[in-house]
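User: Could we go through some salt bridges and helix contacts in this structure? Please keep the answers plain.

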Amino acid sequence: MAGRIRQSDIDEVKSRTNIADIIGDYVSLKTGGVGALKGLCPFHDEKSPSFYVRPGVGRYHCFGCGEGGDVYEFLLKMDHVSFTDAVERLAGRIGYQLHYEEGGGPTEGSGANRARLLAANSAAEEFFRDRLTAPDAEPGRRFLGERGFGAEAAAQFGVGFAPKSWDELTTHLRGKGFTQDELVAAGLVSQGDRGVYDRFRGRLVWPIRDVTGQTIGFGARRLLDDDKGPKYLNTPETAVYKKAQVLYGLDLAKRDISRNDQVVVVEGYTDVMACHLAGITTAVATCGTSFGVDHIKVIRRVMGDDTSQGSVIFTFDPDAAGQKAAARAFGEEQRFSAQTYVAVGPDGLDPCDLRLARGDDAVRRMIDAKKPMFEFMIRQVVERFDLDSVEGRAGALRAGAPIVATIRDPASQNGYTRELARLSGADLQDALRAVRSAQHGSRGSRSDDGRGGPSGRSADGGRSEGPATEGAVAPIRAADLTDPTQRTERECLMVLLQLPEEVGAERAARAVQVPFQNPTHAVVRDAIATQLATMTAPGWVDRVLAEVPAAYAPTVNGLAVATLPQAAGGDAGRYARSILDGLIDRDLLREKAELTSRLARTDAQEAELRRSLQLALSSIDQERMRLRAE
């Protein structure tokens, strides 16, 4: 058993480590006052930075969720490593030799802990890279060469080759002291009736790294005709590899993403390589999963997404799969504060094929020619119809109106309404009526979801409570208090405005992520979300009022003074928490229903996808149990 690290060494490593350098690998930090840096908290989802770091005293603190501590505590909470692992990692970073009491030494091979899994992945990457020059790796080298990637590019991105062998990697890593359990836990080997065997065989392999540059998994491309596996095979979910939270190339792109306030999301490993080699050094890709909420959180933390000036650019193939990917990305668009765009290559070429056919400059022009996400989606919908017929034009208008209705900035919505009219061949007044109808009938739609950042986006409404003026915010829809869902939404807002000290930052942050049916409620919720970091400070309601358009001020005032429907003399804190927990639980039930439905539709042969869905369902059940326990 390893001995304990000497306390004097623990203190020395901490004193020699600049905490801002460590945290800066995870969070984009900017000046936050004299002697301080600030960024978006990595421990909870927030729209405005409330996470501060003071290098002079070696401490960090989030004024939104309350997380804080020294550099060791940051690594323990962020990477879930043991305390010994954290000290050893930082000591290795600065080249400091640790000393152990009781004659012990560094942790070795006793269990599949995080440090050992990372070490196994690093050793596997070295093995794969060395094998790329072997004679049997010729199919891999040919694949790269046919796509314009030579040895230098392969080295830059760490590309390697997994030999077509049952256990060559396993034997190699066992010879380096890794146990079978560690290799299974790292996802490098699989278990079958004949024992363990290499997961990746006869494939080109890309290392997948986290934001700090540590290899946490691999993506492998099929090369051989007798390989009956999927075209791309990734590392399964492990203690260090969570595909929904990983973006390939982020370790290389993070600094330019932060510096340029731009990220380009492409669809594959070779597209990332092509973009970087063409000078688009902000390109990243998802790893074996669709672009989702966790990816957005990762991007926002790296971008320091506290401004509307940033750009998130998606590239999509023109085929059916690309259209589905575009629809999924559009469904999450308003979670960004940054502006979202779509870039499509000429003749439908993806970045890799475009670079090969027309050179680096063509890739740069493709990104420069990006179009706003809303414009792209409207065109995609309209082009499905025969615009030479009256029925086709009417269908295009009906299909495009709900998209325009989700645009929450009035000026932009007016502009896109005119664009929809032009593209569909409809009369402008007909387009205006169609968009208004889509707003009024959009219960549960994306505009009702109301997610988004402080980029001048304001919500749509329905029934007006006052006279409308040209260029004013869309009319306000009163809550239907006979609807239990809208009634719960209203009580949630009342609790957040009147009892902020009773609910706690973590519960409030989760509650404001829930989709709201009533669009007026969604506007107030967004205003509250922008100020969550200061919810218990004096002047809370005033700050919320400052965030909403003037037309919504009476609504906020009413919610702030309305009588809470609780028994006289009751426990206000318990009541407030129960309201928010009920809202959160409703959202969890919705997510569970969607996942359950998807699981039922998933083919039994898609074992990994089914496993990921089952894990997600288990996570939801655990969160619901935690809510009940609290």
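**Salt bridges and helix packing**

Analyst: To begin with a salt bridge: the side chains of Asp-70 and Lys-14 form one, with an N to O distance of 3.1 Å. Please note that the model is predicted.

User: Where do Asp-70 and Lys-14 lie?

Analyst: Asp-70 is in the loop between strand E5 (68-69) and helix H3 (71-79), while Lys-14 belongs to helix H1 (residues 7-16), so the pair ties together parts that are 56 residues apart in sequence.

User: Is Asp-70 buried or exposed? And what about Lys-14?

Analyst: Asp-70 counts as buried, because its relative accessibility is 9% and the cut-off for buried is under 20%. Lys-14, with a relative accessible area of 31%, is partly exposed.

User: How many salt bridges does the count come to?

Analyst: The count comes to 36 salt bridges. One of them joins the side chains of Asp-430 and Arg-433, at 2.4 Å from N to O.

User: Which helix holds Asp-430 and Arg-433?

Analyst: Both lie in helix H19 (residues 428-440); they are 3 residues apart, which is about one turn of the helix. Asp-430 is partly exposed, with a relative accessible area of 34%, and Arg-433 is also partly exposed, at 48% relative accessibility.

User: What does Arg-525 form with Asp-526?

Analyst: Arg-525 forms a salt bridge with Asp-526, and the closest N and O atoms are 3.0 Å apart. Arg-525 counts as buried at 1% relative accessibility, and Asp-526 counts as buried at 9%.

User: Which residues are linked in a network of salt bridges?

Analyst: The network links Arg-510, Asp-587, Arg-590, Glu-591, Glu-594 and Glu-623.

User: Let us change topic to helix packing. At what angle do H11 and H14 pack?

Analyst: Helix H11 (residues 269-277) packs with helix H14 (residues 351-358) at an angle of about 50 degrees, and their axes are 7 Å apart. With that angle, H11 is oblique to H14.

User: Which residues make the contact of H11 and H14?

Analyst: From H11 the contact takes Thr-270, Asp-271, Ala-274, Cys-275 and Leu-277, and from H14 it takes Pro-351, Cys-352 and Arg-355. These residues divide into 5 nonpolar, 1 polar and 2 charged.

User: And how do H10 and H12 pack?

Analyst: Helix H10 (residues 250-260) and helix H12 (residues 293-303) meet at an angle of about 50 degrees, with their axes 8 Å apart. H10 and H12 are therefore oblique to each other.

User: What residues make that contact?

Analyst: Leu-250, Lys-254, Ile-257 and Ser-258 come from H10, and Val-298, Val-302 and Met-303 come from H12. The residues of the contact of H10 with H12 divide into 5 nonpolar, 1 polar and 1 charged.

User: One more item, please. Where does Gln-513 lie?

Analyst: Gln-513 lies in the loop between helix H23 (505-511) and helix H24 (519-530).

User: Is Gln-513 buried or exposed?

Analyst: Gln-513 is buried: its relative accessible area is 19%, and the cut-off is under 20%.

User: What lies 3.3 Å from a polar atom of the Gln-513 side chain?

Analyst: The backbone oxygen of Ala-509 lies at that distance, 3.3 Å, from a polar atom of the side chain of Gln-513.

Technical notes
Residues are numbered from 1 along each chain as its sequence is written. This is a predicted model: local features need pLDDT of at least 70, side-chain atom pairs count only at pLDDT 80 or more; totals for chains, interfaces and linings use all residues. Side-chain values use heavy atoms; hydrogens and water are left out. Axes are lines fitted to C-alpha atoms, for helices over the stretch in contact, and angles run from 0 to 180 degrees between N-to-C directions. Helices (H or I, at least four residues) and strands (E, at least two) are DSSP runs, numbered from the N terminus. Angles under 35 degrees count as roughly parallel, over 145 as roughly antiparallel, 65 to 115 as roughly perpendicular and the rest as oblique. Contact means heavy atoms within 4.5 Å. Ala, Val, Leu, Ile, Met, Phe, Trp, Tyr, Cys and Pro count as nonpolar, Asp, Glu, Lys and Arg as charged, and the others, Gly among them, as polar. Buried means under 20% relative accessible area, exposed over 50%, partly exposed in between (1.4 Å probe, protein chains only). A polar contact is a pair of N or O atoms within 3.5 Å; within protein, one must be able to donate a hydrogen and the other to accept it, and residues adjacent in sequence count only if both atoms are side-chain atoms. A salt bridge is a side-chain nitrogen of Lys or Arg within 4 Å of a carboxyl oxygen of Asp or Glu.
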